[in-house]
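This report looks at how one chain packs.

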Amino acid sequence: MGTWLTEAELETRYGAARLLALADRDGNGVADTGVIAAAIDEAESRVASRLRVRYEPGDLPTSTATASAALKRVVAQLAFFYLHELHDVKGQDVYDARDGALSELSDMVRGHAGLLLAGEPDVDQSRPQVLTTKTSDDARFTLEAMEDW
């Protein structure tokens, strides 16, 4: 069972019939034991490894009850992708889920999106910032304003 996402939450997101089809690897009409849990665990592992760039392990949620909707969404999208690993042909929705999750995860790591935690770390300000010595009064494009430039 996942730390941030349950099998029931994944089923709510993608539907029981679809998950059954993905988790029934031997074709007997029953989801194989551990397939969905393994996909969730793999997704959580990947998310945790990326989030540890910005967050301390102790800052991350410790249960499904404390995980934000944003974190659950990212984990669910990756787990959905991992459930398709054995399928040679994947629909565009599978790739879209993976790409959306990785994009949102990158935003979380860079500080452009958050996990909505109480102790959210500061935003990464290491990228160059544009500074100017001009004020709003002399920022008009006039001949006098351009003399200093």
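The largest nonpolar core has 37 residues, and W4, L10, V47, L51, L71, L78 and L83 have the most contacts inside it. A nonpolar core here is a set of buried Ala, Val, Leu, Ile, Met, Phe, Trp, Tyr and Cys residues joined through side-chain atoms within 4.5 Å. Buried means under 20% relative accessible area, exposed over 50%, and partly exposed in between (1.4 Å probe, protein chains only).

Helices (H or I, at least four residues) and strands (E, at least two) are DSSP runs, numbered from the N terminus. The largest share of the core, 11 residues, comes from α4.

This is a predicted model: local features need pLDDT of at least 70, side-chain atom pairs count only at pLDDT 80 or more, and totals for chains, interfaces and linings use all residues. Residues are numbered from 1 along each chain as its sequence is written, and side-chain values use heavy atoms, with hydrogens and water left out.

Take L10. Beyond its neighbours within four places in sequence, L10 is in contact (heavy atoms within 4.5 Å) with L5, G15, L19, I36, I40, A76, A79 and L83.

Now α5. Its buried residues include V94, A97, L105 and V109. The buried residues of α5 pack against α1, α2, α3 and α4. Just after α5, G111 takes a positive phi of about 90 degrees.

V53 lies in the loop between α3 and α4. V53 is exposed, at 65% relative accessible area. V53 and V109 are 56 residues apart in sequence, yet 6.6 Å apart in space, C-alpha to C-alpha.
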